[in-house]
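Biologist: I am new to this structure. Please show it to me, and let me ask how each label was reached.

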Amino acid sequence: MSTAFNNAPQSTKLVVVAAAASVATAVILLGYQGSQRKQRTRNTLKDDLKRSGAADIKAQAAANSQSVSLGQTTSAASPQAARASQTDEKIEFDEELVLEQLARNIAFLGEEGVQKLRNSFVIVVGAGGIGSWAASMLIKSGIGKIRIIDFDQVSLSGLNQHATANRNDVGTPKAIAMKKAFRTIAPWVHVDAKVERLQEDSAAYLLSGNPDYVVDCIGDLSSKLDLLKYCYDNKIPVMSSMGAGAKADPSRVQISDISETFEDPLARAVRRRLKKLGVDTGIDVVFSSEKPYHAKTQPNNGTSQHQHQDRHSDDDEENKRYAPLPNFHSASSLPVFGPLPAMFGMSMATFITCKIAGWAMDPLPVKNRAELYQRLHRDLKIQEEELAASQGKTVTEIPLDRRDIGYVIEEIYRGGKSGLSQSMDRIAVCRWKREEPLSLTNIVVLTQREMERHLALPLGVDLEDKYGKEVVAFVEGLFREEEQICRLR
């Protein structure tokens, strides 16, 4: 190539040299301009972060006026907490930097989808292990305004489950601690922190503002029902978290309508109570189909029904020292394994983000065999009617519905295995002890042939003589496990 260049006419040589010089000059100029852009971006970011930091210092000072040190407690409803929750310093932030931070979301959801998110308003009720992760991922996904409602304080034993809290936040209301953290992550997001407890008489006020979605991460069943009923009646889209306690299998986390939650005990309790309030479907939930086989209750030592999960013993002064509030207790007494609440919260944030942005999502259908459950429920009702007729009584309804039969099949009897033989061939259900009322702790899965022989047994027969101690111990062991779970709902 060098020889060809040397032999080329002088005019050709001049053209080549000029072109090479132009390319070199362009490279230098583009490199310089790129360097200048990066420097301007860094300088702009530094200036914005300084403004953010200055505002954050003011907000922290307000929060510190009502926070407490380790070993002290204060009322979450105090005037100081109320003032701190209203601290809302406006932070100016360069739009170019906002778009850069959201660039990957824009690449996935599109500019229009992310703009919908930036114009949206979401309320997260409950800022613990599930709610903190849901809120954190929502603001990172581009939500423009978020309201966080929680009257509890950060506790030392809750740090391993919380998305944003650190040791310096212990004793601070969770909503305030999260607002402070979100300023350092996405300072352009409007964060409204409410240090209050949602109840029936405060739902209208706390859920005001026409939210695009409400995220229910409440652990207390009564407050959860108040929230869901209010959202349903007022046509506010809501997603609810069911129980993450005593569960650890990430492959069992699912999303569905509450009417299809066969396996989850809390979901069943919520569903039944909502049905009495006139709500049977139309609420999306995240739940785990894993049954808490190894569930163990935590000692409550006679405290109130709201025993806080962070308080392990009222006799343990060291534990009491780190409790969030002196008179608050949580209904949950199941141990919680940290990663599961995070997965629940992230699942909710993902689902809601996609819904608002218009990204099509169809959660995997819940494993159920609706026709099988319906048939077994119908056959069980016929059995109950015949038994009642033999005693001169009548039956119009039985205490278990189709979904309960699904729970019995899939969870109590591990996918529909016979309590006698473990066979899954042509399964059926009936009372275990025919002289005792039908319930979740007096129902057995058998093969069709086993059921026919079982129903032919006289009332009050000694089942150990008929089936042996080992079989009876197995079946009644399942009942004891279910009784334990029932006590925890």
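Predicted model: local features only at pLDDT ≥ 70, side-chain atom pairs only at ≥ 80, totals over all residues.

Modeller: Start with Arg-449: its relative accessibility is 61%, so Arg-449 counts as exposed, because exposed means over 50%.

Biologist: Where does Arg-449 lie?

Modeller: In helix H15, which covers residues 448–455.

Biologist: What makes Arg-426, Arg-449, Arg-453 and Lys-466 a patch of positive charge?

Modeller: These four gather on the surface. Lys and Arg count as positive. Like charges are joined within 9 Å, in residues with over 30% relative accessible area and no salt bridge.

Biologist: Why is Asp-169 called buried?

Modeller: Its relative accessibility is 2%. Asp-169 sits in the loop between strand S2 (145–149) and helix H7 (174–185).

Biologist: How do you know that the side chains of Asp-169 and Lys-180 are joined by a polar contact?

Modeller: The contact is 2.6 Å. The cut-off is a pair of N or O atoms within 3.5 Å, so this pair qualifies.

Biologist: What makes helix H14 mostly covered?

Modeller: The count does: 10 of its 11 residues are buried. H14 spans residues 402–412. Among the buried ones are Ile-405, Tyr-407 and Ile-412.

Biologist: What is found at the start of H14, and what just after?

Modeller: At the start, a side-chain oxygen of Asp-401 comes to within 3.0 Å of the backbone nitrogen of Arg-403. Just after H14, Arg-414 has a positive phi of about 50 degrees.

How values were computed
Residues numbered from 1 in each chain as written. Heavy atoms only, no water. Patch = residues over 30% accessible without salt bridge, like charges linked within 9 Å, V, L, I, M, F, W, Y side chains within 5 Å. Areas by Shrake-Rupley, 256 points an atom, 1.4 Å probe, with all protein chains shown as cover. Salt bridge = Lys/Arg side-chain N within 4 Å of Asp/Glu carboxyl O. Charge placed at Lys NZ, Arg CZ, Asp CG, Glu CD. Helix = DSSP H or I, 4+ residues; strand = E, 2+ residues; numbered from the N terminus. Buried < 20%, exposed > 50% of the residue type's maximum accessible area, 1.4 Å probe, protein only. Polar contact = N/O pair within 3.5 Å; in protein donor to acceptor, adjacent residues only side chain to side chain.
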